[in-house]
Amino acid sequence: MVAGSYTEVSVSPVATARLWKASADVPTLIPKLMPNVVTSIELVKGNGGVGSVKQFNFGEALKDVKYVKDRIDVLDHENKVYKYTIVEGGQIGKKLKSTSFEVKMEPTSEGGTKTTMKMDYETLGDTPLSDQELKKMVANVAAMSKAIEDHLQANPELYA
């Protein structure tokens, strides 16, 4: 078993409050904005708060992954921190023992948002994930964030 982590930082021109509000609406937004990637997001346990489990069902764009279930571990509205753990699907049980993500949003001096996304993982075997595998996993999450950002820029009245 090998433990590892990967961190990616991005900057958006969208204000932190708007981006945070829209991110909370991922189950509605992402299937509309990325229907070939995510066909639906269902709440399978809880009310959307800490301890809740969501299932992301993937479309044709992700041929090797049909779904993932994630559990919300931290939802800190004041500090704009969201932590979740993949509990089923994807590479869990195949290549990975565990995967968790932490997303933190901070305002920039220009009025936008700096988002830091950290992924921690443990492999099932003795081989760490390759840079390509890490980037692919993070890219899927980053693509959802970018789709939300683009949608907010095109629709400045939303989540204001």
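R18 touches L152, N155, P156, L158, Y159 and A160, leaving aside residues up to four places away in sequence; contact here is heavy atoms within 4.5 Å. This is a predicted model, where local features need pLDDT of at least 70, side-chain atom pairs count only at pLDDT 80 or more, and totals for chains, interfaces and linings use all residues. Residues are numbered from 1 along each chain as its sequence is written, and side-chain values use heavy atoms, with hydrogens and water left out.

R18 itself sits in helix α1 (residues 16-24). Helices are DSSP runs of H or I with at least four residues, strands are E runs of at least two, and both are numbered from the N terminus. So who pairs with R18's charge? R18 is buried but has no salt bridge, and the nearest side chain of opposite charge, E157, is 6.5 Å away. Buried means under 20% relative accessible area, exposed over 50%, and partly exposed in between (1.4 Å probe, protein chains only). A salt bridge needs a side-chain nitrogen of Lys or Arg within 4 Å of a carboxyl oxygen of Asp or Glu.L152, one of the R18 contacts, is among the buried residues of α3, as are L134 and M137. Helix α3 (residues 131-154) has a kink of about 25° centred on A139, the bend being the angle between axes fitted to the seven residues ending there and the seven starting there.

Y159 is partly exposed, at 23% relative accessible area.

Technical notes: Lys, Arg positive; Asp, Glu negative; His and termini not counted.
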